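Keep the sequence and the structure at hand as you read.

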Amino acid sequence: MTRWRYTWRATHVAPWLLGAAISLLLALVHSHGPVAAPLQIGAFLLGAGAGFVTDDPAAETLAPSPTTLRARQGLRVAGAALATALAAVVLASLARPSGIGEAGALVAMTAGILGLNLGVSGVAGRRRGWRHGGLVSGPAVLFVVIASSALPPQWRLLPTGDIPGGWPAICTRWALASLLGLLLLAYSLRDPARSAVNARWWRPTA
Amino acid sequence: MRAVSAGPGLAQLVLLEGRRLALHPLFLAGVVVAAGGCAAFLARGWSTSGWTVYAGFALMAPFTMVATNVVTLRDHRADTVEQHEALPMPVSTRVGALLTAILAPTLLTVAGLGAVTAYAASRFALDEVDLLVLASLPLIMTALAALGVALARWMPSAFVAPALAVAFYFWTPGDDPSAWRVLMPLNSADDTGAAVMRLPYLLGLTLLFAGAALAQPQRSRTSVLLALVGAALVTLSAAAVLT
């Protein structure tokens with residue numbers, strides 16, 4: 001619990017909170033209109049806000065500490081994922097989708113966008129320092145979604161509208177996007193001090 | 001101590017920021033989107049896919065907005081706000097240089113769009129509305145780029161501009177024909193009257209956002225004048241578009 005408290009204190013949560021507040025407002029204002037648009041915007045805002053949680057100005061100072069990068073960032077990411085899941089359920093219940101299919105697709109889209117944001121954020125943090133994740137992730141995911149929408153419907157990897165196969169196909173594609181993002185994040189959180197050569201050939205003697 | 005003359009310093013800053021903007025990865029991402037729209041038109045013709053030229057260049061504008069926002073927020077990211085405020089060149093000159101540097105991506109857009117429009121006009125019959133709508137694209141670019149600078153001055157957070165870009169992307173072509181959607185910057189026009197009035201509307205938005213950017217942290221005569229002229233243009237042309 002102490003670790004959670006310290007992590008929360010050091011995490012850049014303001015963008016996520018702002019995104020959640022705007023999403024909630026949109027869902028309330030549009031509660032009698034079409035369901036998809038406000039929830040899609042909400043998914044992007046929550047995802048883009050979650051991209052900022054990997055930003056850590058103290059990353060260089062904390063790098064030599066016994067707590068690994070994966071443990072430090074993992075707590076932040078877990079917190080953001082839990083909060084986003086809760087927010088997605090609240091938004092979906094406020095917007096009242098037409099059925100379980102649409103609700104599932106919107107939740108899968110939120111998970112996909114969250115996963116992609118975290119993945120891009122992790123890669124950007126790994127390559128350019130742990131201050132650039134949030135800056136890069138939101139625009140990068142928006143670009144990928146726009147690029148995907150230019151493809152014919154059957155090839156759209158990140159669908160924001162109807163595609164052949166209906167709700168199950170939409171859910172599957174966004175779930176795969178989420179998985180891809182989380183794999184990228186996991187890869188970018190590997191121990192920076194652990195090189196391939198060290199891991200395979202070098203064993204410290206007692 | 002008096003601030004140094006803005007002349008040569010301003011020109012150098014404009015060149016520096018203009019180059020940064022024109023080579024910024026987010027602006028280049030927008031160029032890719034615009035190129036995709038042009039490629040779709042070239043593959044399928046004007047009658048089927050002429051709208052993709054507009055959509056491509058219109059979607060380039062939010063990316064340019066985020067790029068100008070990121071460039072303006074560089075001081076905040078690098079924690080050099082106080083250092084730069086200690087320089088003899090005033091903040092308003094640096095913001096003015098950024099606002100002038102917006103012309104770099106705009107001129108690149110005009111060049112690309114001009115080439116595509118000239119090709120389309122030589123091969124297909126473009127009507128008056130098509131030409132007016134295409135002519136509004138560079139103004140959309142300047143308006144949103146100035147908005148990116150203004151957002152960075154008033155709300156120095158890297159989250160705000162991408163959030164607004166998402167809103168522009170999802171709301172502009174919406175199925176809901178609400179009156180206010182007509183006024184969204186990326187929106188197109190269906191008739192000549194609306195297409196003509198969108199030009200001063202977008203120019204007014206540019207001046208309004210530029211005035212707002214210059215007014216932080218200190219209001220000057222220039223910023224107030226820009227904001228007033230912009231607000232007047234926006235009000236009059238918005239009223240004409242809506243009625």
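**Exercise 1.** What volume does the largest cavity have?

*Solution.* Before starting, note that this is a predicted model, in which local features need pLDDT of at least 70 and side-chain atom pairs count only at pLDDT 80 or more, while totals for chains, interfaces and linings use all residues. Residues are numbered from 1 along each chain as its sequence is written, chains are lettered from A and ligands numbered from 1 in the order in which they are written, and side-chain values use heavy atoms, with hydrogens and water left out.

Step 1: Rolling a probe the size of a water molecule over the atoms shows where empty space is left. On a 1 Å grid over the protein atoms alone, a cavity is a set of points where a 1.4 Å probe fits but cannot get out, whereas a pocket is an open set with protein on both sides within 12 Å along at least five of seven lines; a lining residue has an atom within 4 Å of a point. Grid points are joined across faces, edges and corners, and a volume is the space filled by probe spheres set on the points.

Step 2: By this rule there are two cavities of 30 Å³ or more, and the largest cavity has a volume of about 60 Å³.

**Exercise 2.** Describe the lining of the largest cavity.

*Solution.* Step 1: Among the residues that line the largest cavity are A:L39, A:G42, A:A88, A:L106 and A:T110.

Step 1: In chain A, α3 (36-50), α5 (69-95) and α6 (100-128) are the elements that give two or more residues to this lining, and α3(A) gives the most, with four residues. Helices here are DSSP runs (H or I, at least four residues), as strands are (E, at least two), numbered from the N terminus.

Step 2: By class, the lining of the largest cavity has eight nonpolar, two polar and no charged residues, where Ala, Val, Leu, Ile, Met, Phe, Trp, Tyr, Cys and Pro count as nonpolar, Asp, Glu, Lys and Arg as charged, and the others, Gly among them, as polar.

**Exercise 3.** Which residues line the second largest cavity, and what surrounds B:V166?

*Solution.* Step 1: The second largest cavity, with a volume of about 50 Å³, is lined by A:F44, A:L45, A:A48, A:N117, A:G138, B:P162, B:A163 and B:V166.

Step 1: B:V166 is found in helix α10 of chain B, and it counts as buried because its relative accessibility is 5% (buried means under 20% relative accessible area, exposed over 50%, partly exposed in between, with a 1.4 Å probe and protein chains only).

Step 2: Not counting residues up to four places away in sequence, B:V166 touches A:I41, A:F44 and A:L142, where contact means heavy atoms within 4.5 Å. The C-alpha atoms of B:V166 and B:P62 are separated by 8.5 Å, although these residues are 104 apart along the chain.

**Exercise 4.** How many residues line the second largest pocket?

*Solution.* Step 1: The second largest pocket, of about 930 Å³, is lined by 34 residues, of which A:R131, A:H132, A:L135, B:R77 and B:A158 lie nearest its centre.

Step 1: α7(A) gives the most to this lining, with five residues, and by class the lining of the second largest pocket divides into 21 nonpolar, five polar and eight charged residues.
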